[in-house]
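I opened this entry to look up a few contacts, the helices around them and the nonpolar cores. The notes follow in the order in which I looked things up.

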Amino acid sequence: MGIFADTDIFVLILPLSAFIISLFTSVGGVSGAFLLLPFQMSVLGLTGPGVSATNHLFNILAIPGGVYRFIREGRMLWPLALSLSVGTFPGVFIGAVIRIELLPDPGNFKIFAGLVLIYIGIRMLKTLLAGRSNKSEPKEKAEINARVSVNSISFSHTSFSYSGIEYRIPHLSLAFISLFIGIVGGAYGIGGGAIIAPILISFYRLPVYTIAGACLFSTFLTSLSGVIFFMILSNYYPGIAITPDWLNGFLLGIGGFAGIYTGARVQKYLPANLIKIILTASIIFIALKYLSELL
């Protein structure tokens, strides 16, 4: 059932909300689905496993515009996108099963999501504070015409340059970590982007201007598989609302497409720390909202 049967919310609220959320989060390589999930649960009153499937549908519709923009501007890091996709793809299926079998109750699911997000938010906050105090660490530059340049590619790692600084992507460890991120992302309905982007920034010290496109592309692929997995699993759980809410997903996707495209276009004009602050604040806010319901 769509929102018209369940709420009095005006139809334009959905695409408008998705546009605003995606505009801010996409500059950090995150689609905004992790913020739309609590919106659907708290405002629209949709609490079943199908909410996660709807979030995946949102990603499928919203992300392509942003990916196109990053490709056009030469800031799509394809080796990173491949590493993330290889790891997260199988994890999404496992996460979908966990969501249905272990986390069908919205209360338990909010606890799970809140704990995951509060850890990520604290890690991002520590990275921000450490970056401010570490004067010797190279500063990320928001150069309008800067492009990603891949120096070398091997089975174990990729070396690339951006704004005159060389970086390294270890494929094996990243693919392994992405597997677990895919499990969490599959259960949460975010494709893993909201989790992997902060990790790439905090643990791997990669510039936010180079990871955003790869994170979005990986999220798109894993969300595509997520919708397929939820559709397949719906045949085995006939009594549970598992499939996406197509109307909600479409309305949110329209706004998300415009928001992510715009966010990808303006990212290069924003300071790196501002982008990290947006990500950190969004994640911590939602995590605290979920965990506060335990009190």
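I began with the contacts of Phe112 and, leaving aside residues up to four places away in sequence, found that Phe112 touches Leu103, Val184 and Ala187. The model is a predicted one, and I read every entry here with that in mind. Phe112 sits in helix H6, which covers residues 106–133.

Next I turned to the cores. The largest nonpolar core holds 64 residues, and those with the most contacts inside it are Leu80, Phe160, Leu174, Ile196, Leu200, Leu206 and Ile211. Helix H11 (residues 272–292) supplies the largest share of this core, namely eight residues. Apart from this core lies another, of six residues, including Ala96, Ile100, Leu233 and Ile242.

Last, I checked helix H10, residues 246–266, whose 21 residues reach 30 Å from the first C-alpha to the last, close to the 30 Å expected at 1.5 Å a residue. Among the buried residues of H10 I listed Asn248, Leu251, Leu252, Ile260 and Ala264, together with glycines including Gly249, Gly253, Gly256 and Gly263.

Conventions: Residues are numbered from 1 along each chain as its sequence is written. This is a predicted model: local features need pLDDT of at least 70, side-chain atom pairs count only at pLDDT 80 or more; totals for chains, interfaces and linings use all residues. Side-chain values use heavy atoms; hydrogens and water are left out. Helices (H or I, at least four residues) and strands (E, at least two) are DSSP runs, numbered from the N terminus. The expected span of a helix is 1.5 Å times one less than its number of residues. Buried means under 20% relative accessible area, exposed over 50%, partly exposed in between (1.4 Å probe, protein chains only). Contact means heavy atoms within 4.5 Å. A nonpolar core is a set of buried Ala, Val, Leu, Ile, Met, Phe, Trp, Tyr and Cys residues joined through side-chain atoms within 4.5 Å.
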